[in-house]
Amino acid sequence: MPEIIQGTLQWIGEHPGLLAVAIVIFTFLECLALFGAIFPGMLLLVPLSLAAMRSGTPLPLALLVATSGAFSANLLSYVLGYRLQRMTGKLALLRKNPAWLVHAQNYLQRYGAASIFFAQFIGLLRPVLPLVAGSLQMPPRLFVSVSLLASLGWSAMRVLPAWVAVNLADLEV
């Protein structure tokens, strides 16, 4: 990991109040429409989660902030797609990679609401599918309920391994 990132993560780790903010920001960016496809948020979430657990951040708080960032990004992506509708394909990154949009549309049409849940766990679908769901006018209540569950599950997969690692390291063998 580059030295500047290590230094930043160490500094954030020394300021527990910033850990929650950093986790929200990085989960938000990781899940945000299209930006999440080029942003290496996963590489930064692991050390942030470890720093949060080492600093004594309660597990429920870490889960809450990670879920908040992911869900907020999904919701914003959905609203953006809902507003743009047919113009979604004209966004710069989708114009350069039209197959992403086609695959996401096919996936959503084939699997419906379940695709929103499972896309949260699949790299390139995570930041694209909420946008497509909005552009195809998936009912908002359905999207919100499925996205909230998916965001919680995805966040747990990012935070729980750090919690387990820190707690196992504290065990006396």
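Is Ser135 buried or exposed in this structure? Before I answer, a word on the basis of what I will show: this is a predicted model, in which local features need pLDDT of at least 70 and side-chain atom pairs count only at pLDDT 80 or more, while totals for chains, interfaces and linings use all residues. Residues are numbered from 1 along each chain as its sequence is written, and side-chain values use heavy atoms, with hydrogens and water left out.

To the question, then: Ser135 has a relative accessible area of 8%, so the residue is buried, where buried means under 20% relative accessible area, exposed means over 50%, and partly exposed is what lies in between, with a 1.4 Å probe and protein chains only. Ser135 belongs to helix α9, which covers residues 129-135; helices here are DSSP runs of H or I with at least four residues, strands are E runs with at least two, and both are numbered from the N terminus. The side chain of Ser135 reaches the backbone oxygen of Val132 at 2.9 Å, which is a polar contact in the sense of a pair of N or O atoms within 3.5 Å, where within protein one must be able to donate a hydrogen and the other to accept it, and where residues adjacent in sequence count only if both atoms are side-chain atoms. The C-alpha atom of Ser135 is also separated by 8.0 Å from that of Leu80, a residue 55 positions away along the chain.

Let me step back to the whole chain. The protein has 10 helices and 0 strands, and 41% of its 173 residues are buried. Of the contacts with a separation of 6 or more, 76% are between residues 24 or more positions apart, contact meaning heavy atoms within 4.5 Å. The accessible surface comes to about 9,400 Å², and carbon and sulfur atoms hold 69% of that; the areas come from the Shrake-Rupley method with a 1.4 Å probe, and for residues only the protein chains shown count as cover.

Once neighbours within four places in sequence are set aside, Gln137 is in contact with Tyr82 and Gln85, and the C-alpha atoms of Gln137 and Tyr82, although 55 residues apart along the chain, are separated by 6.1 Å.

Rings of Phe, Tyr and Trp (for Trp, the six-membered ring) pair if their centres lie within 6.5 Å, and planes under 30 degrees apart count as stacked, over 60 as edge-to-face and the rest as tilted. A search of the whole structure finds 5 aromatic pairs. In the pair of Phe117 and Phe118, the ring centres are 5.2 Å apart and the planes stand at 90°, so this pair is edge-to-face. Phe117 is partly exposed at 28% relative accessibility, and Phe118 is partly exposed at 47%.

Two threonines are next. Thr27 lies in helix α2, residues 16-31, and counts as buried at 2% relative accessibility. A polar atom of its side chain lies 2.8 Å from the backbone oxygen of Ile23, and, leaving aside neighbours within four places in sequence, Thr27 is in contact with Leu45, Val65, Ala66, Gly69, Ala70 and Trp154. Thr67, in helix α5 (residues 59-84), is buried with a relative accessible area of 10%, and touches Leu148, Ser151, Leu152 and Ser155, not counting residues up to four places away in sequence.

How many salt bridges does the structure hold? There is 1, the term being used for a side-chain nitrogen of Lys or Arg within 4 Å of a carboxyl oxygen of Asp or Glu. The side chains of Glu30 and Arg126 meet in that salt bridge, at 2.7 Å from N to O. Glu30 lies in helix α2 and Arg126 in the loop between α8 (113-119) and α9, so the pair ties together parts that are 96 residues apart in sequence. Both Glu30 and Arg126 are buried.
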